[in-house]
Amino acid sequence: MSVMLYLILAAVIIIALTAYAIYSWRLVFKQKKAQAEALKVTSQQQCEAEDAARVNILTMLRVVAQGQVSVTEAAIRIMSYRLALPVGEQQQAFFKPFDALALATAHIPILDNWKALTPSQQQAFDDERSALELRYQADIDAAVATYLSSHS
């Protein structure tokens, strides 16, 4: 073969490899852009979930302070709301009495399981729940007052 043919073949190969490199670079660029956008959306959703959890906790504490909900129900809800908070906030000492009450009453049936109980079983669980609420009431009242005074 002639040298000219080799040069043309080399030029075609170089052009093909360059085109492939440009295509690959654009593909990677698009993927990184999509990942960055997904990360941004996820981060925004996380921030929204944290904000909603803080609002829900504050609302629940206000309702507890006004005596509009049982302390046990509030403890269970607060325990679930705080899971959306950053780990540091989840570990605040403020949550300890709510966690303790929620865990102490976790075995008490709810909803359909509650309805399936006999009246005497329901009364026994109500008595147990009331005793547990009384046991944790002072700590919960202190936590509510502390939180509301610093977050209102």
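Begin by selecting Trp25 and Phe29, which both lie in helix 1, four residues apart, or about one turn of the helix. Helices here are DSSP runs (H or I, at least four residues), numbered from the N terminus. An α-helix has 3.6 residues a turn, so residues three or four places apart point the same way. Trp25 counts as exposed at 57% relative accessibility, and Phe29 as partly exposed at 49%; buried means under 20% relative accessible area, exposed over 50%, and partly exposed in between (1.4 Å probe, protein chains only).

The model is a predicted one, in which local features need pLDDT of at least 70 and side-chain atom pairs count only at pLDDT 80 or more, while totals for chains, interfaces and linings use all residues. Residues are numbered from 1 along each chain as its sequence is written, and side-chain values use heavy atoms, with hydrogens and water left out.

**Aromatic pairs**

Next, select Trp114 and Phe125. Their ring centres are 6.5 Å apart and their planes stand at 50°, so the pair is tilted. Rings of Phe, Tyr and Trp (its six-membered ring) pair if their centres lie within 6.5 Å; planes under 30 degrees apart count as stacked, over 60 as edge-to-face and the rest as tilted. Trp114 lies in helix 5 and Phe125 in helix 6, so the pair ties together parts that are 11 residues apart in sequence. Trp114 is partly exposed, at 22%, whereas Phe125 counts as buried at 19% relative accessibility.

**The nonpolar core**

Which residues have the most contacts inside the largest nonpolar core? Select Leu61, Phe94, Phe98, Leu101, Ile140 and Val144; the core itself has 25 residues. Helix 1, helix 2, helix 4 and helix 6 are the elements that give two or more residues to this core. Such a core is a set of buried Ala, Val, Leu, Ile, Met, Phe, Trp, Tyr and Cys residues joined through side-chain atoms within 4.5 Å. Centre the view on Leu61: leaving out residues up to four places away in sequence, Leu61 touches Ile78, Phe94, Phe98, Val144, Tyr147 and Leu148, where contact means heavy atoms within 4.5 Å.

**Helix 2**

Move to residues 71–81, helix 2, whose buried residues are Val71, Thr72, Ala74, Ala75 and Ile78. Viewed down the axis of helix 2, these fall within an arc of 160°, so they line one face of the helix; the arc is that of the directions from the helix axis to the C-beta atoms. Their cover includes helix 1 (3–65), helix 4 (96–104) and helix 6 (119–151). Now pick Thr72, buried at 5% relative accessibility. Beyond its neighbours within four places in sequence, Thr72 is in contact with Leu101, Thr105, Arg129 and Glu133.

**Helix 6**

Finally, display helix 6 and centre on Gln137, where a kink of about 50° is centred. The bend at a residue is the angle between axes fitted to the seven residues ending there and the seven starting there. Cover for the buried residues of helix 6 includes helix 1, helix 2, helix 4 and helix 5 (111–115).
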